Amino acid sequence: MDEYDEGSKARHLPDGPDCSLPEGPASAGSTPDSTPSTDQDPVPQAPPADPPVPVPVPAPTGIASLPLRSQVVAALALAVVAVVACVHLGMVFLHVAPSNTVTKQHGRAIDDWIYPEFEQNWKLFAPNPLQQNIDVQVRAQVRGADGGITETGWYDLSALDGAAIDGNLLPSHTQQNELRRAWDFYTGTHDNQNRPMGLRGDLSQRYLRRVVVLRLDREGAGGKGAVVESVQVRSRTTNVPPPKWSEEQVSDTPVLRELPWWTVPEEDVTDARTEASAR
């Protein structure tokens, strides 16, 4: 029989939830009061701090990146550009401003600066823009190689410019505007009797004369070796027909304006030949 079935000699475990079997004999070398050691997790250490990152210093740009001598040259160039720009803006302001003491005393200097390259023109924005075709024509008296004086026929300079522009994708400013602006400059500073009005009259006449002399030399007026002695300019103005839906009535008869003969100074002929040879 099993020993747990031996009646009073059987071993009974004490009742209760806290009952447990007696521990075995302590191992050699241990005392009753000693407790078994338990392994503990190591205390986490803080990661070492990153070294400070140096802030990059931006490299100099612009003029500051140039050597000292180049910086001085660049600064002087910028100063010259700034002065010229200020002078130009001041001249344009005085040109378009109402008449005042400065324009009365220095009107000639202002006009020499503005005309003809920087002239202000408002016809494009006018209520009635220009609605006319204007042909500028010129003829000349030339001295040939034999010393004789001959008179050329009329050269239609506007038609020559139109032919050069037609079909040209990139026409030059000279082909489009030089002759037209020269004639407009002249008519704006002279009355119907070709008398100059104001200080710009003589300037506009000299400018138009130099333009036509240059064009005559380019066209070989009078033949090889001929010298232009005098020129005469005229215009042929025709109104642009109004559209069919308009009730406006305009004349289709051309209007001619013929200027007197102008003697050509030697300097104009020399300048014309110099520019022609440069081309």
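Trainee: How many helices and strands does the secondary structure of the protein chain come to?
Mentor: Helices (H or I, at least four residues) and strands (E, at least two) are DSSP runs, numbered from the N terminus. From that end, the elements run α-α-β-β-β-α-α-α-β-β-β-α. That comes to six helices and six strands.

Trainee: Which element has the lowest mean pLDDT?
Mentor: This is a predicted model, where local features need pLDDT of at least 70, side-chain atom pairs count only at pLDDT 80 or more, and totals for chains, interfaces and linings use all residues. Residues are numbered from 1 along each chain as its sequence is written, and side-chain values use heavy atoms, leaving out hydrogens and water. pLDDT is the predictor's confidence in each residue, from 0 to 100; the chain's mean is 81, with 79% of residues at 70 or more. Strand 3 (residues 155-156) has the highest element mean, 96, and the lowest, 75, belongs to helix 6 (residues 266-278).

Trainee: How many contacts beyond near neighbours in sequence does the stretch 24-32 have?
Mentor: A contact means heavy atoms within 4.5 Å. Residues 1-8 stay under 50 in pLDDT, and the model gives them four contacts beyond four places in sequence. Residues 24-32 are also below 50, and their count beyond near neighbours is zero. Where pLDDT is low, the predicted coordinates should not be read in detail.

Trainee: What does helix 4 reach from its first C-alpha to its last?
Mentor: The expected span of a helix is 1.5 Å times one less than its number of residues. Helix 4 (residues 173-188) has 16 residues, for which 22 Å is expected, and its reach is close to that, at 21 Å.

Trainee: Which elements do the buried residues of helix 4 pack against?
Mentor: Buried means under 20% relative accessible area, exposed over 50%, partly exposed in between (1.4 Å probe, protein chains only). In helix 4 the buried set includes Trp183, Phe185 and Tyr186. The partners of the buried residues are strand 1 (132-143), helix 3 (157-165), helix 5 (200-219), strand 4 (227-239), strand 5 (255-258) and strand 6 (262-263).

Trainee: Why does Val87 count as partly exposed?
Mentor: Val87 sits in helix 1, and helix 1 (residues 68-96) gives four residues to the nonpolar patch, the most of any contributor. Val87 counts as partly exposed because its relative accessibility is 36%.

Trainee: What share of the 279 residues counts as buried?
Mentor: Contacts first: among those with a separation of 6 or more, 61% join residues 24 or more positions apart. As for burial, the share of the 279 residues is 22%.
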